[in-house]
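Me: I would like to learn how to read ligand contacts and helix packing, and I would be glad if you worked through them one at a time.

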Amino acid sequence: MTKKTISKVPDHVAVIMDGNGRWARQQSLSRLEGHKKGIEVARDIVKAAAKIGVSYLTLYAFSSENWRRDQQEVSGLMALLKYYLEHEMQDLHKENVRLRVIGERELLPTLILTLIEEMEELTKSNKGMTLQMAISYGSRSELIHATKAIAEKVRDHRLNPEDITEEVFEKHLYTSGIPDPDLLIRTSGEQRISNYLLWQLAYTELVFIEKFWPDFTSEDLMDAFLVYQNRERRFGTAA
Ligand code: IPE
Ligand code: IPE
Ligand code: MG
């Protein structure tokens, strides 16, 4: 095997952790067992990303549309999220990770919301990697949320329509203050965005991986970084 050298670590990596259910079916396990393994992998990937020097890692844990799954799966996923927040966050705090959660928080069970608020408060001054977890997140609803906030400011004469720039709009997104992702990784072989970071992904490099999320390893993460560093980013300039 050739020696791999990562010379250019992406500053912000966004991940669509997909394929837990199919992985479970392949192993004759329940979907929830797949999600459980998925959480373990997420934990390892968070550590690997922090270690190699990623500044921002955004993980898609639960989408706005995932609420439509059957009730048993949804409550199982919520229980796993709660477990993760309770058991992993202290460790991450020790590793200087800052937690932020993006999404429609008001839809989350109170207990989870409280845990999120506690962990965000506890880790807010940490200077290591920022872990942004997208929970009950949908990009279209984020865009509408931002648009409403801007419209209210215009209505109240606190903002002139001609002053609405990309920078002003960005400040009203859940991801305000976080640079756009450099690299998006989606596992499971699906090649779509699934209502994730539609504004923020405008010039992100996309890497699709054939493995299901529970089989994804830190080695695969490094492979994705190698693909990324060989891409030529142009941002609209001539080749
Ligand atoms: C990703 O795995 C986790 C969540 C969406 C919560 P899936 O549950 O989507 O697994 P597949 O895509 O059905 O295999
Ligand atoms: C996207 O995966 C959401 C998460 C990984 C949390 P989905 O499995 O929900 O997306 P689709 O339905 O395949 O597009
Ligand atoms: Mg899926």
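Me: How far does a polar side-chain atom of R69 lie from an oxygen atom of ligand 2?

Reply: A polar contact is a pair of N or O atoms within 3.5 Å; within protein, one must be able to donate a hydrogen and the other to accept it, and residues adjacent in sequence count only if both atoms are side-chain atoms. Here a polar side-chain atom of R69 lies 3.4 Å from an oxygen atom of ligand 2, while for N66 the distance is 2.9 Å and for R192 it is 2.8 Å. This is a predicted model, in which local features need pLDDT of at least 70, side-chain atom pairs count only at pLDDT 80 or more, and totals for chains, interfaces and linings use all residues. Side-chain values use heavy atoms, with hydrogens and water left out, residues are numbered from 1 along each chain as its sequence is written, and chains are lettered from A and ligands numbered from 1 in the order in which they are written.

Me: Which residues surround ligand 2?

Reply: With a heavy atom within 4 Å as the criterion, the residues around ligand 2 include I16, M17, D18, Y60, R186 and S194.

Me: At what angle do helix α3 and helix α4 pack?

Reply: Helix α3 (residues 71-94) and helix α4 (residues 110-123) pack at about 15°, their axes being 10 Å apart. Angles under 35 degrees count as roughly parallel, so α3 is roughly parallel to α4.

Notes:
Axes are lines fitted to C-alpha atoms, for helices over the stretch in contact, and angles run from 0 to 180 degrees between N-to-C directions. Helices (H or I, at least four residues) and strands (E, at least two) are DSSP runs, numbered from the N terminus. Angles under 35 degrees count as roughly parallel, over 145 as roughly antiparallel, 65 to 115 as roughly perpendicular and the rest as oblique.
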